[in-house]
Amino acid sequence: MNDLQVKLEEQDSYEALYEVMFLNGKLKGQFKGQLKGRLSIKKEIFQVVFVFFILISMLFAGILLWLVYNSSEDSVKNQLRDCNNQIVTYMEGMFYESSSIIEILSHDKAMINADENSYDQVVETMAKIEKEIPRVTYIYAGYTDGRICVAGYPLPEKSDATTRPWYQSARMSKGVSQTSYKDLYTGEWLLSQSKRLINSEGRLTGVIAIDCSNANINEQLSTKYRYTSQRSFLVNPQGIILAHPDENEINDSVQSRIDEKVWSEIVSGDRNYAIFENNGVTKIAYFEWIPETRLLAGTAIDRAEVFRPVYYSLISLLLLILVVSFVLSFVLSKVLSHRFAEPLIELAARVQHLAKGNVEAVDAASFTNKEIDEISDGIKAIVHEAIIREEKRKAAEYMSFHDSMTGLYNRRYFERELMKLDGKQYLPLCIVGCDLNGLKFVNDVFGHAAGDQLICTAAECLKEGCGGKGVLARTGGDEYTMIFPQTTRDEAEELIRRIQAVFDRPTVCGTKVSVSMGYALKEDCLQPIGETLKAADEMMYTQKLSRSSQIKHCLVSDIMKQAEENGMIRELTEEENQVLEVFAAKVCPESEQLLKKSYQLRKVGMCAFANLESAGYNGEEGLTRQHSEISYRILSTLDEYHEEADCILYYTEHWDGSGQPASLGGEEIPLAARILALTEAYFEGMSMDEIVEKAGTWFDPKLVKILFSMKGITKMGELL
């Protein structure tokens, strides 16, 4: 190897390669003769690099300069974006703070009316806010009669609030509006946020507004500037400038300076950057929506200020590249020669070892050349692809034999295993059928999410009860089937007792999880396995049928017990009994006990809300139902509560048909349900005035009169 290296150093590269590849070959003399008169690889590299380097350098320089230019442009745009983002954040905070104050004040009764009694209170509130929040210039309210209520501001004579821009802007908007206007007294430009004042009758009484001066806004925005010519401003979707450091620009249109298509893309959010001319100066601008407003924040700078240093840098860089190219031509040729020579030396050595059969002597280290690296990457890719295919195959195999919800084996796997175990060596073969109790009830009352939890909980109980023995599969929506080879009748009964014991503990949404089970044994190899499976199912369904009534009672009892613990079912007070007795005596003497029992049970459905929320099912279908409908579903399960269920179902209906769940109106609503609705409203905080107000809309007017008569109110006719 040392001799070979000496030869490569003393001879040209092509000749050295010949010595390596054909050291003992018969073509040595002929090949050497062909090499005579040719340039060595080192000299050829040098000449090629030297001749073409200037052209290559110029091309590279052009590409590099283009990249530098674009990079600089991107950098400027990024700086504009970052600066504008800071401004948007600041303005978002300012608008949010002002909007929050306006929202609070717009619901203040004193602010809405601002009569002689409350005027001083309103002014004091405004002054306090102005003092505590420095960036609020003015806070004031204007009313439909033209009055303006403002603290510490000299109003011009004959000031009419209804003619001011902020008033008109708010009057035309449902929410908080933004506009700019010129102060009548000081002449300064103000950015105003305003909102309508609506009284309890739904009528417009005036407008509440908060102003921030253009000077204050720009004083804050200027702290974010990075360039001398940089200016930030606010515009509305129509392109009207609402705030700008140069007040001459306010109420001018920036849209007229920008291409119409570009502006529409900016407004739609599909574009942020724009280039436009302003007074003969080319500007680069970045626009971004301020969240929760209908305003755009814009930041613009002079293009010349940004790119003048870039141009100078590019010229300097070009000159530097031209100078360095001459120096690098020689160095690069040496480097390339070195890069080619070393791989050839290594390649020659490996070829020699392989030719002699010394495979172990070949160095396992990889080449530094691109081609060798590509081969390595290709091998890695092949191995990686093989691993992925294997993982997908295993995943597909798992999904084909497992239930996606519970993780148990599915019917396909069960049927395959059943055929495998149908042999003499597995007798006696025990098949256990299992059906989940109350799934339809849980789905109807609590929703399918709770039903899914019930299915999964039952699966976990069955896995625990089986103890890892046999084959457990989910073979239907609420059905599970188990296979236990070499299991006697006594062992099967003990296994079922153990499984049932596991089901004594868990609950789902307050209801106990339970199953009906049946089993059958195949003890004769001539007995068809289908008959064994059918016998197990028949035993299971017989048990389920015999316990059907008991299961329903248990489910309802569990829910009613929880409802009592949570205060949703309680004993009626003496006054509640008296009111219901009077109603019964007046309009339905035969329904007194029905009224009392229905009133006592009307909120049993609320337990569904509590149970679902505690189980993390916020937003599920069970929570979207009216509790009266859920109460109906619970109580109608048992025959003894059918009348109460029918009564409770419609007690959330309204006399005018605006209620739930069937939008019944008038006498379409059962009488008992109307009595329940009025009684609940009376005992749960609704005032007599509110009841009178809703007579004829929510409540039966005749029943309202009876309620008022039993309370000794004699002017009921006048109130109605």
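Tyrosine 413 counts as buried, at 13% relative accessibility. The model described here is predicted.

## Aromatic pairs

A pair of aromatic rings is described by the distance of the centres and the angle of the planes. With ring centres required to lie within 6.5 Å, the count comes to 9 aromatic pairs. One of them joins phenylalanine 233 and phenylalanine 287: the centres are 6.0 Å apart and the planes stand at 70°, so this pair is edge-to-face. Phenylalanine 233 belongs to strand E6 (residues 231–235) and phenylalanine 287 to strand E9 (residues 281–289), so the pair ties together parts that are 54 residues apart in sequence. Phenylalanine 287 is buried at 1% relative accessibility, and phenylalanine 233 is buried with a relative accessible area of 4%.

Phenylalanine 401 and tyrosine 413 form another pair. Their ring centres are 5.6 Å apart with the planes at 70°, so the pair is edge-to-face. Helix H11 (residues 370–401) holds phenylalanine 401, while helix H12 (residues 411–421) holds tyrosine 413, so this pair ties together parts that are 12 residues apart in sequence.

## A cluster of rings

Which residues do ring pairs link into a cluster? The cluster consists of Tyr140, Trp166 and Tyr167.

## Charges over rings

Arginine 416 lies over the face of phenylalanine 401, 4.3 Å from the ring centre. Lysine 694 has its charged end over the ring of tryptophan 698, at 4.2 Å from the centre of that ring.

Key
Residues numbered from 1 in each chain as written. Predicted model: local features only at pLDDT ≥ 70, side-chain atom pairs only at ≥ 80, totals over all residues. Heavy atoms only, no water. Phe/Tyr/Trp six-rings, centres within 6.5 Å; stacked < 30°, edge-to-face > 60°. Helix = DSSP H or I, 4+ residues; strand = E, 2+ residues; numbered from the N terminus. Buried < 20%, exposed > 50% of the residue type's maximum accessible area, 1.4 Å probe, protein only. Lys NZ or Arg CZ within 6 Å of the ring centre and 35° of its normal.
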